[in-house]
Amino acid sequence: MKLDTKSYMFDMILFELRDIVGKENVSTKNSDKEVYSIDYFWVSEMWHDRQDHGDLSSPKADFIVHPASALEVSKILKVANTYKIPATVWGGGSGSQGGALPVLGGIIIDIKRMNKVHRIDTQSMTVEVDTGMIMEHLEWELEKHNFSTMHDPASSYCATVGGFIAHRGTGVLSTKYGKFEDMITNMEVVLPDGEIINTLPVPKTACGPDLNQIFIGSEGVFGVVTKVTLKINKLPEAMKFRAFIFKDLSTGLKVGRKLMVEKLQPAVIRLYNETETKSLINRVLGIDKEGAYLVYGFDGKKEMVDLQLKYAKEIADSQQGEDLGGELGEKWWNSKYKFFYPPYMFRLPQCFGTLDTVASYSDIENVYNAMKEVIEKKYKMARYIGHFSHWFDWGAMLYARFIIDNPPEDPHEAIYLHNSIWNDCLRAAMKKGGVLNEHHGIGLKLSRLTPELYGNSFEIFKKLKKVLDPNGIMNPGKFGLGV
């Protein structure tokens, strides 16, 4: 249903929404609509920034609704289905893929009023929490009891628990503690028709497929996750780091891989390519060296950490790494978020993008080189940098980035260039065994490429969408599922 704000039907629907959550918890103010029309997706930011270039407008919601419970979310979705109105879930608005943008208008469901810790189970080592809670606030509550999820991303100050579920978020310590999806035991979900369900109380069973996986990473196209039970950990007794410079990226990759396959259980490994070492590592940490900077860290019992550090150093020394010591490793840890904030982070008027992907150890360096070749040969106005920030037993994640200091001034030309770089780089990555994304999600940015990634198996997502959301109200225009 296309809404006419001048029609009495607009007020009739507005009344129904206010009746559910209270008049003060529904907004139709233009200023609020503007706020919810932009996240950290470069296109939405650039479009707002260049509105004086012509008659530009951004997609905006018709209603911004703030529910306080799963029951209220259920009632909102029933209204949305009745009138065939799009509904898009909003957490902290910190996403970089345009995943929460209301591209077809309709209802924004802002879940931040759902922000309670319901139970800390010290026997099972879990916490039950609303998905609208800011991640940092959850950590504050857990730290009072000497616990942590050990999910520690740069966006934890502003992103919600639900946002990490929606995009399969990854924190700095994922190499040991896993991605956010690995921390989930069970969830409460409101389906598109308003029905409230709960997945099984434990994540490991032989009772059929894991229903959690239908909703983790689905970015709100299959329903709204309203509550989740997460694994928690005791805060570690000790945490220590060490940094090295290797002659090139390839050598650093060998060291990182061996740290993983030797089962030393590093909490973190970060490896920066030669260009990023010379630029960002130099600017942020003051380390002016040629080569590839690698830092690793271990946590846990002090004696165990010291033993892990000993064996890790032997691996690094075997590849003739220049030992920068523990102090310059610790400096990285204390500065880890500086990389993502001014003055070090890229920002308008620059054009930039994080081409993150993940691949097996057999493929990851080829993926890196394939994207690098695209930038250097076809987009000479751009710079290419990258680091490897999340590591697994079978492969690693590449956090590659392109930066253009002087992109086209015309917003239409700027979008064309931006999208062309994404298409060319990620198609090159997929040919070499990479995928579209590791932890930022698909959103609007990469939705057009998702069917290419999955091939024939994408039909499963389309069939799930048709069954769960027959009216197509949930976050339309995303994940390659159209409208």
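**View 1. Salt bridges across the structure.** The structure holds 27 salt bridges. A salt bridge is a side-chain nitrogen of Lys or Arg within 4 Å of a carboxyl oxygen of Asp or Glu. Side chains of opposite charge can pair when their charged atoms come close. This is a predicted model, where local features need pLDDT of at least 70 and side-chain atom pairs count only at pLDDT 80 or more, while totals for chains, interfaces and linings use all residues. Residues are numbered from 1 along each chain as its sequence is written, and side-chain values use heavy atoms, with hydrogens and water left out.

**View 2. R168 and E181.** The side chains of R168 and E181 form a salt bridge, 3.0 Å from N to O. This pair links distant parts of the chain, 13 residues apart. R168 sits in the loop between helix 6 and helix 7 (174-177). E181 sits in the loop between helix 7 and strand 8 (184-190). Helices (H or I, at least four residues) and strands (E, at least two) are DSSP runs, numbered from the N terminus. R168 is partly exposed, at 23% relative accessibility. Buried means under 20% relative accessible area, exposed over 50%, and partly exposed in between (1.4 Å probe, protein chains only). A network of salt bridges links R168, K179, E181 and E438.

**View 3. K313 and D323.** Here a salt bridge joins the side chains of K313 and D323, at 3.8 Å from N to O. K313 lies in helix 11 and D323 in strand 15, so the pair ties together parts 10 residues apart in sequence. K313 is partly exposed, with a relative accessible area of 26%. D323 is also partly exposed, at 30%.

**View 4. E459 and K462 in helix 16.** These two side chains meet in a salt bridge, 3.1 Å from N to O. E459 and K462 are 3 residues apart in helix 16, so about one helical turn separates them. E459 is partly exposed, with a relative accessible area of 39%. For K462 the value is 39%, again partly exposed.

**View 5. K227, a buried lysine.** K227 belongs to strand 10 (residues 224-231). K227 is buried yet has no salt bridge. The nearest side chain of opposite charge, E188, is 4.1 Å away. For charge, Lys and Arg count as positive and Asp and Glu as negative; His and the chain ends are not counted. Leaving aside neighbours within four places in sequence, K227 has contacts that include H118, E128, D130, N186 and E188. Contact means heavy atoms within 4.5 Å.

**View 6. E128 in strand 6.** E128 is found in strand 6 (residues 126-130). E128 is partly exposed, with a relative accessible area of 28%. Beyond its neighbours within four places in sequence, E128 touches residues including K116, R119, K227 and T229. E128 and K231 are 103 residues apart along the chain, but their C-alpha atoms are separated by 9.1 Å.

**View 7. Helix 12 and its partners.** Helix 12 (residues 325-335) has the buried residues G325, G329, W332, W333 and S335. These buried residues pack against several elements, among them strand 12 (238-246), helix 10 (274-285) and strand 14 (292-300).

**View 8. Two cis peptide bonds.** P343 lies in the loop between helix 12 and strand 16 (351-354). Another cis bond joins L348 and P349, with omega about 10°. P349 is found in the loop between helix 12 and strand 16. E45, in helix 3 (residues 42-49), is 304 residues from P349 in sequence and 9.8 Å away in space, C-alpha to C-alpha.

**View 9. Cysteines C351 and C425.** A search of the whole structure finds 0 disulfides. A disulfide is a pair of cysteine sulfur atoms within 2.5 Å. C351 is in no disulfide; its nearest cysteine sulfur, that of C425, is 11 Å away. C351 is buried, at 1% relative accessible area. C425 is buried too, at 0%.

View 10. M150 is not a glycine, yet its phi is near 65°, a positive value. M150 lies in the loop between strand 7 (147-148) and helix 6 (161-167). M150 is buried, with a relative accessible area of 6%. N475 has a positive phi of about 45° although it is not a glycine. N475 lies in the segment after helix 16 (458-468).
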